[in-house]
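Walk through this fold one piece at a time. Keep the sequence and the model side by side as you read.

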Amino acid sequence: SSSSSSSSTRLRHHRLVRSSSSSTRRRRRRLVAVASSSSASDASFEDALRAAANRAIDAHVESGDRVGIGHGAMTSMALDRIHERLNDESLTDVAVVPTGTLAAKEAAIAGVPIQSSDFAKVVDVTILEPDEVSCGEGWDDDDAVVDGVVAIVGRAQKPVQPNLPLTREVLDKSRKVILLTDALQDAIGPIGGSVPVAIVAGADAWEECAEELDDLLLGDAEVWRRGAEEGANPRGGKVPYVSPDGSHTIVDLIFENPLTKRRWDDGFVLFGKPASAYQVAEEVSGVDGVLCHGVVTSADAVVVAAGVGNAGDGAARGPREITVKKR
């Protein structure tokens with residue numbers, strides 16, 4: 001149809017994705033809560049990260065637990081903490097359930113027992129290190145309890161692409177979810193930017209799904225398929241990414257103002273109006289061919305290593321946890 005052809009043309013001619021460096025992601029994050037000391041006489045940046053990671057394990061992991069684990073600097077430190085506590089027997093019978101191959105590799109390096117999600121009926125607690133996390137407009141730095149949390153996972157494409165379906169599977173099995181992030185900054189703006197989405201990988205199926213997403217988000221976001229290498233064109237370049245099992249590919253929904261080429265001031269926009277991450281997740285999930293997305297809208301606590309960036313008064317605090325109210 002002419003509508004399908006027009007959508008396909010738009011999809012082919014979107015500009016090259018500008019891959020965000022970790023430092024850019026950090027500047028953009030709207031970060032919330034657990035602080036590690038940053039005074040001149042106190043620990044280094046790495047020590048601040050480790051203190052927050054240790055806090056997550058010490059407060060939320062018990063003997064016998066199956067622990068879902070993502071990958072990243074802080075989750076790697078959390079794995080080190082599990083290893084230490086298994087060695088000194090303050091924890092026993094703990095195994096981690098990786099959300100992808102990189103998380104599994106980090107767990108193996110740390111010497112922590114691994115259990116596949118296939119054999120874990122229930123995950124007691126999952127610990128992830130999102131690309132971006134927010135506790136919403138109602139966040140108060142003096143309040144240790146918030147109404148809700150939203151986060152984005154799966155933006156990083158190297159050293160390996162994320163396994164979004166496995167991450168979602170582990171999250172769905174989890175009794176508790178703890179989010180780690182690496183800085184405490186003043187609120188910069190609403191959560192937004194790019195959202196990775198796993199969709200069916202068939203030759204025609206992926207394009208039909210991508211075109212439907214493109215139509216849904218027309219004027220609000222661009223749809224880019226990931227290539228095997230970063231910097232591919234909007235259709236994934238010469239070698240579009242396909243998961244090792246052939247089940248899915250990944251597209252990025254890039255929520256940017258087409259005039260300024262910057263993320264929307266309101267974070268997310270749908271149908272030309274400001275939208276929440278919850279609305280984006282709901283609309284995207286309803287598209288035929290979408291398997292899952294990188295929006296996390298449910299967590300029990302957020303742990304942030306503060307004392308870096310524009311930390312304000314939080315710089316002098318030790319590890320401090322922000323709890324999410326149960327609805």
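Predicted model: local features only at pLDDT ≥ 70, side-chain atom pairs only at ≥ 80, totals over all residues.

Which residue is the bridge partner of V197 in strand 15? The partner is H293.

V197 and H293 are bridge partners where strand 8, residues 194-200, pairs with strand 15. The two strands pair in the antiparallel sense, over three bridges.

Now follow the chain out of helix 7. L217 is found in the loop between helix 7 and strand 9. Is L217 buried or exposed? The relative accessible area of L217 is 0%, so L217 is buried. Setting aside residues up to four places away in sequence, L217 touches L253, F255 and L270. L217 can also be placed against G272, which is 55 residues away along the chain. The C-alpha atoms of L217 and G272 are separated by 9.0 Å.

How many aromatic pairs does the structure hold? It holds one. F255 and F268 form that pair, and the geometry is edge-to-face. The ring centres are 4.9 Å apart, with 80° between the planes. F255 lies in the loop between strand 10 and strand 11 (256-257), while F268 is in strand 13 (residues 268-270), so the pair ties together parts that are 13 residues apart in sequence.

A ring of another kind of contact is found at W206. The charged end of R225 sits over the ring of W206, 4.3 Å from its centre.

Next, look at helix 6, residues 164-173, where P165 lies. With a relative accessible area of 26%, P165 is partly exposed. P165 touches A198, H248 and C292, not counting residues up to four places away in sequence. G294 is 129 residues from P165 along the chain. Their C-alpha atoms are separated by 9.4 Å.

Strand 17, residues 301-304, opens another region. A301 and V303 point one way from strand 17, and V302 and V304 point the other way. All of these residues are buried. Strand 7, residues 177-181, pairs with strand 17 in the parallel sense over four bridges. Within that pairing, the bridge partner of L180 in strand 17 is V303. Strand 17 also pairs with strand 18, residues 321-324. There the sense is antiparallel, over three bridges. A301 stands opposite T323 in strand 18.

One more stop is N54, in helix 3, residues 45-60. Why does N54 count as buried? Buried means under 20% relative accessible area, and N54 counts as buried because its relative accessibility is 17%. N54 is in contact with M77 and R81, leaving aside its neighbours within four places in sequence.

Finally, step back to the whole protein chain. Its secondary structure comes to eight helices and 18 strands. Of its 327 residues, 53% count as buried. Among contacts with a separation of 6 or more, residues 24 or more positions apart account for 79%. The protein chain exposes about 14600 Å², and carbon and sulfur atoms supply 49% of that area.

Notes
Residues numbered from 1 in each chain as written. Heavy atoms only, no water. Pairing = 2+ DSSP bridges. Phe/Tyr/Trp six-rings, centres within 6.5 Å; stacked < 30°, edge-to-face > 60°. Lys NZ or Arg CZ within 6 Å of the ring centre and 35° of its normal. Buried < 20%, exposed > 50% of the residue type's maximum accessible area, 1.4 Å probe, protein only. Contact = heavy atoms within 4.5 Å. Areas by Shrake-Rupley, 256 points an atom, 1.4 Å probe, with all protein chains shown as cover.
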